[in-house]
Structures are given as structure tokens and as C-alpha cells.
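Here are my notes on the model.

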Amino acid sequence: MTITADQSTDLDRTRFFINGEWVEPLGTETHTALEAATGERLGTASMGTDADINAAVGAARKALDDGPWGRTTPEERAAAMHRFADALTARAESTSKLVSQENGMPIGLSSAFNGAAPAGLLQMYAEIIKTVPLEVERPSVTGSTIVRREPVGVVGAITPWNYPQVLAMFKIAPALAAGCTIVLKPSPETALDSYVFGDAANEAGLPPGVLNIVLAGRESGAALVSHPDVDKVAFTGSTAAGRIIGAECGRLIRRVTLELGGKSAAVFLADGDIDTLLAGLGMASFMNNSQTCTTQSRILVDRSRYADVVEALAEYTRNLTVGNPLDPSVQIGPMASETHLNRVMGYIDVGRNSDARLVSGGGRPAGQDRGWFVEPTVFADVKNTDQLAREEVFGPVMAVIPFDGDDEAVQIANDSNYGLGGSVWSSDDERALAVARRVRTGTIGVNSYNIDLGSPFGGMKDSGVGRELGPEGLNNYLEYKSIYKV
Ligand code: NAD
């Protein structure tokens, strides 16, 4: 089969995007991408080796050191980024559909996070970089000092499968704005969609080597992390992998940001409104079939309202529509892979074997004999010390935990190794804000949870190091340099 440069409607992706060209892999391993809702073959992708990663890093290094990108003005970069955004927008519908097929994300959500948001982030950082003072001169004791902000260099970006397009763009957009060059290593579970970035980059006229894309597994991901020509690693994924990557970057004194897992709490106070909670749970706890790092899978409820909230949650989850994510009426799609389904089912067994009370779900949905579907599941009377309350499930399995008063709510919310998302539900905004301020977490919502791409996002404790998004996200890709003058 002939692979052309623009293959946005072709699901086979057997070449890598290196130096602005579609190049043959140096190894022979391939990966078959399966559709989450059916288990059927979607397409084939090549798996990169250390040698492919090396070629991609070489192209990125050259584009930074010798190529035009490292010497462009912010205005020139912004113009290229706007063209890149337009080229992605032209492909938004097919990209959204492809990701839904890959990982089971409901199509409406996919249109927002894989269709619209990546282009939006490019446009946002294109405008921000035009306003950042990249060189200022200030008086010093001996004369003056020029304080410059330079691109950090070659960026190794490693992404997970749950929001593959937007999480890659959390890194690509600020890196491009800063003048960095990039090697993106996506996750094999979403093997196909990232190459749309290559199609769009070429259409937009991004210079060769500025963005390179090589699908690979963990081993060659590790080769990217430790490659001597990589200056900064931007990682989103599990805490377990983040620990390894962070340790290696520490050893190499390499800049690194880590966006990791979570076990976030939705805190329902005594004066909370149950209808408001149910209206917001779709985003707070069930977004992308709960395959979301900020999923609020611990639902803490004031004991005075506990029975009513548990009842309402059971009813709510029983009524969620589970099915093919390409059907716009579907609220819960399948898990991304069979392996992941088995992991989620394992946690349901953990709940069943504990003292917790299963109040809804707990198995595979009736009538779904293909694909990797699981019933939205709620366990009540979970203790915060239980495995189900400590570990990230990454699927629609909720643990409801009672508390007595706002102080205990804060104490339980904070009794976690993680600190990524969260929410507080109360009819008194000031009371909710007082609790929100005390929870040790990177982001938290009041009576809703909607991520704001214009504000810093990231985790405390085991949920990560550093922040992406907002104007602050640019700081990850700029280095300060002081030039002393007499
Ligand atoms: P994962 O850690 O298994 O894999 C993530 C990526 O890292 C993949 O591309 C994988 O190939 C690569 N990788 C794994 N080990 C590596 C290593 N040692 N060196 C280099 N690369 C390596 O995670 P996943 O299962 O793909 O994603 C789910 C996890 O991601 C969850 O824990 C979730 O909470 C987390 N996540 C966090 C955020 C956030 O912003 N904090 C966002 C989305 C997902």
C-alpha cells in the first residue's frame, strides 16, 4: 500500500513523521489498533525503536540549532501556529471520530477535546507569546543587565491514551510558541490519531524538524527521556511511570514536568443540592467513562444527607446510557482496551470483597457482547483506608464515603497520596470556597468541575510536578538568561 503525506482519512499509519517527511521505520514491529466499542481492527501502526527516536531527536535538534525555528520572531511563530490550528480544524471531525473509536470517548466530548481544543490552544499560545517580554534591560550595580527568555530547547513529549490530542497540545502549543522543537511519543493504545498533527503541520508549512512524531512503547519512550539531545521532558501518564521518568530526569538534571494520576474527592456538604450534584457529575466523575485523571471517584457526603445522596447516585448511574461512543446520545462508552477493562473489573472485585455496599452496577452491561464495556458502578460505605479509596481505578467505579462536618470532609479529602482534581457542593458559595481553599489539590470546582484551559493545571503530591495550561504553561518552555553589561 502506498502511504502519501496526507493520510488523514487513512487509518493505517506505518510511517513516522520525522523532519517534515513520512519516513520508513527502522524496526519491524507493528501494532494493531482495535476499536474499543467492537474489538474490531481499526488500523495498523509501526512501533518505533530507539533508532527511530534517535532520528526524530536529531531532526528536532537540527531544526532548533541550525534551522529557522530557533531564530524566528514570536510573530512568525504565531502566524505558523494559526495556520497549524486551521489545518487541525479542517480535520477536527474525522480526528474526533477516530479518537472515540480508539479509546471509547463519547463523541460530543471528543469533538470538544480532540476536535476543537487543540486548535484553540495553538491560537491561545500564539496570542500569548506576542505579549511576553522576551528581552528586557534593567539597571544593575555595574551598568545594566539584559534578561532574556530563550527556548528551553528540544522537548520530548510523552502522552497517554485518554485525551491523546489535547494532552499532546498542552505541550506542543506552548513549546512552539516559545521557539522549542518537539518529539512526540504517543501511547500505543491510541496509535493512530497523533499523526494527524503531522498532516496538519505539513499543510501549515511548519519547518521540517519542528514537530516529529514516533509511536513507541515504554522502552523507546525511556530512550527519548534519556536522549542526550533532549533538553526537557513533558510527561503525562501514570504515577508509576512518572516516578521512573522523574528519577531519570533528576539524574540527568533535565527539566521535567509530570502530570500524573489522581484519586480526587467530590465533597458534598450538608447544605448541598442533590440536583446540582447530579447535573455536574457527568464532568466531575464520569467524564470520558471516568478514564480521566481528575475523575472524582471518592464521593464524600455529609452524614446528614448520606442516605439520600447514595440513593440518588444509584439511580443516576442506573440511568446512564452505555453504548457505542459514536452515538451522540451515549453517555458512557467502553474502556479503551481489554487489558484496561480487566483492570477496572478487578477493582469491582476488590469492592465486592470489602465491607463496602454495592448499590449500582458491578458488572458488564446486559446486551453489550462486543467491546470493552463496564456498568457504571457505585459502592457505598467505603472507608477512606480501603483499597478502593486509595488507588486510581480509571474507570466508572465510585466510592461513597460519609463524613461528619466540614472539617472532617477536608481531612478525608486530604488523606490521599494524590492531589489533582476535586469539587465541593454546597448552596453557600463562601462555605464551599472555604473548603476548596483547604483541599490540597491542583484544581477544584465549586458546584461543578469544568477544566479551564486558560488557567494552570496540574497536581500536588503524587499527582505530579509543575503546571501546564494558561499563560503559566509557557514557563515550562523558556529559560532565563542574564547578560551583564557595563
Ligand atoms: P502510562 O504511564 O502507562 O503511559 C503514559 C505514556 O508514557 C505512554 O505513552 C507510555 O508508552 C509512556 N511510558 C510508560 N512508561 C514509560 C517510561 N518508563 N519511560 C517513557 N515512557 C513511558 O499511562 P496511561 O495508562 O497511558 O494513562 C493513564 C494514566 O495517565 C493515569 O494514571 C492518569 O491519571 C494519567 N493521566 C494524568 C493526566 C494529568 O494531566 N495529570 C492526564 C491524563 C492522564
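1. Asp-271 sits in the loop between strand 12 (265–268) and helix 9. Helices (H or I, at least four residues) and strands (E, at least two) are DSSP runs, numbered from the N terminus. Asp-271 counts as partly exposed because its relative accessibility is 21%. The classes are: buried under 20% relative accessible area, exposed over 50%, partly exposed in between (1.4 Å probe, protein chains only).

2. A word on provenance. This is a predicted model, where local features need pLDDT of at least 70, side-chain atom pairs count only at pLDDT 80 or more, and totals for chains, interfaces and linings use all residues. Residues are numbered from 1 along each chain as its sequence is written, and side-chain values use heavy atoms, with hydrogens and water left out.

3. What does Asp-271 contact, leaving aside neighbours within four places in sequence? The partners are Arg-305, Ser-426, Ser-427, Asp-428 and Arg-431. Contact here means heavy atoms within 4.5 Å. Ile-53 is another matter: Asp-271 and Ile-53 are 54 Å apart in space, C-alpha to C-alpha, and 218 residues apart in sequence.

4. Ser-426 turns up again with Asn-447. Outside four places in sequence, Asn-447 is in contact with Thr-276, Val-424, Trp-425, Ser-426 and Asp-429. A polar atom of the Asn-447 side chain lies 2.8 Å from the backbone oxygen of Ser-426. For a polar contact, the cut-off is a pair of N or O atoms within 3.5 Å; within protein, one must be able to donate a hydrogen and the other to accept it, and residues adjacent in sequence count only if both atoms are side-chain atoms.

5. Asn-447 lies in the loop between strand 19 (445–446) and strand 20 (460–461). Its relative accessible area is 22%, so Asn-447 is partly exposed. Val-393 is 54 residues from Asn-447 in sequence and 23 Å away in space, C-alpha to C-alpha.

6. Two backbone angles deserve a look. Most residues other than glycine have a negative phi. Asn-447 has a positive phi, near 60°. Leu-469 is not a glycine either, and its phi is positive at about 75°. Leu-469 is in the loop between strand 21 (464–465) and strand 22 (478–485). Is Leu-469 buried or exposed? Leu-469 is buried, because its relative accessible area is 0%.

7. The loop runs between helix 9 (274–284) and strand 13 (298–302). Not counting residues up to four places away in sequence, Asn-289 touches several others, including Gly-104, Met-105, Gln-331, Pro-334 and Gly-395.

8. Ser-337 is in the loop between helix 10 (306–318) and helix 11 (338–352). At 16% relative accessible area, Ser-337 is buried. The Ser-337 side chain reaches the backbone nitrogen of His-340 at 3.0 Å.

9. Now the whole chain. The protein chain has 14 helices and 22 strands. Buried residues make up 60% of the 486 residues. Among contacts between residues at least 6 apart in sequence, 72% join residues at least 24 apart.

10. Overall dimensions close the note. The radius of gyration of the protein chain is 23 Å, which agrees with the value near 23 Å for a compact globule of 486 residues. That radius is taken over C-alpha atoms, and the globule rule is 2.2 Å times the number of residues to the power 0.38. Along the principal axes, the C-alpha atoms fill a box of roughly 70 × 65 × 40 Å.
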